[in-house]
Every structure is written in structure tokens, then in C-alpha cells.
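Here are a few friendly notes to read alongside the model.

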Amino acid sequence: MIVLLTRTGCASCVTARETLARICSDVGREFTEIDVDDAASNGDKTLRAEYGDRLPVLLLDDVEHSYWEIDEPRLRADLG
């Protein structure tokens, strides 16, 4: 499972989303995007508390893979 944690208005999050979308398209995988502030307003404050100060964060199989930017070579290797 590939999850991208983001925040509305975050320019780095936009770049990470575009990079991740391209990679996932190349390897035939899908990802889920979660806005940590939306999750917090819906009662789940854990994501914002844990990751909110270093967004975007990429989780691969529920383990933090990279943050601030997508580590493309590492992600491609791990998905390959």
C-alpha cells in the first residue's frame, strides 16, 4: 500500500504528488493521498501529530519511506 500524506496549500506536496503519480503509472500501482488536516478535522489527529511538521510523507506498507520529497530511485527499487 502506498500512501502520500499531504496538506492543502503545500507546494512540496504538489510536487511529490506529481512525482508519485508518474512513478505509480510507470509501475502499474495506485496510491492513496491523505490530507492530514482533513483527517484531524474528522477526528483522526494522529497523522497530523506524527507527520504534520515534515510533509509530504510517503508511507510504503505503513512504514515511512521518505519525507519532504520522493526518493525516486529508492522507491522504484522498493516497488520493483
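1. Leu 58 belongs to strand β3, residues 57-60. This is a predicted model, where local features need pLDDT of at least 70, side-chain atom pairs count only at pLDDT 80 or more, and totals for chains, interfaces and linings use all residues. Residues are numbered from 1 along each chain as its sequence is written, and side-chain values use heavy atoms, without hydrogens and water.

2. What does Leu 58 touch, leaving aside its neighbours within four places in sequence? Its contacts (heavy atoms within 4.5 Å) include Ile 2, Val 3, Leu 4, Leu 20, Ile 70 and Leu 75. Leu 5 is 53 residues away along the chain, yet the C-alpha atoms of Leu 58 and Leu 5 are separated by 6.3 Å.

3. Turning to the aromatic rings, Tyr 67 and Trp 68 pair edge-to-face, at 4.8 Å centre to centre and 70° between the planes. For Phe, Tyr and Trp (its six-membered ring), a pair needs centres within 6.5 Å; planes under 30 degrees apart are stacked, over 60 edge-to-face and the rest tilted. By this rule there is one aromatic pair.

4. Tyr 67 is partly exposed, with a relative accessible area of 37%. Arg 54 lies over the face of Tyr 67, 5.5 Å from the ring centre; the rule asks for NZ of Lys or CZ of Arg within 6 Å of the ring centre and within 35 degrees of the ring normal.

How values were computed:
Buried means under 20% relative accessible area, exposed over 50%, partly exposed in between (1.4 Å probe, protein chains only). Helices (H or I, at least four residues) and strands (E, at least two) are DSSP runs, numbered from the N terminus.
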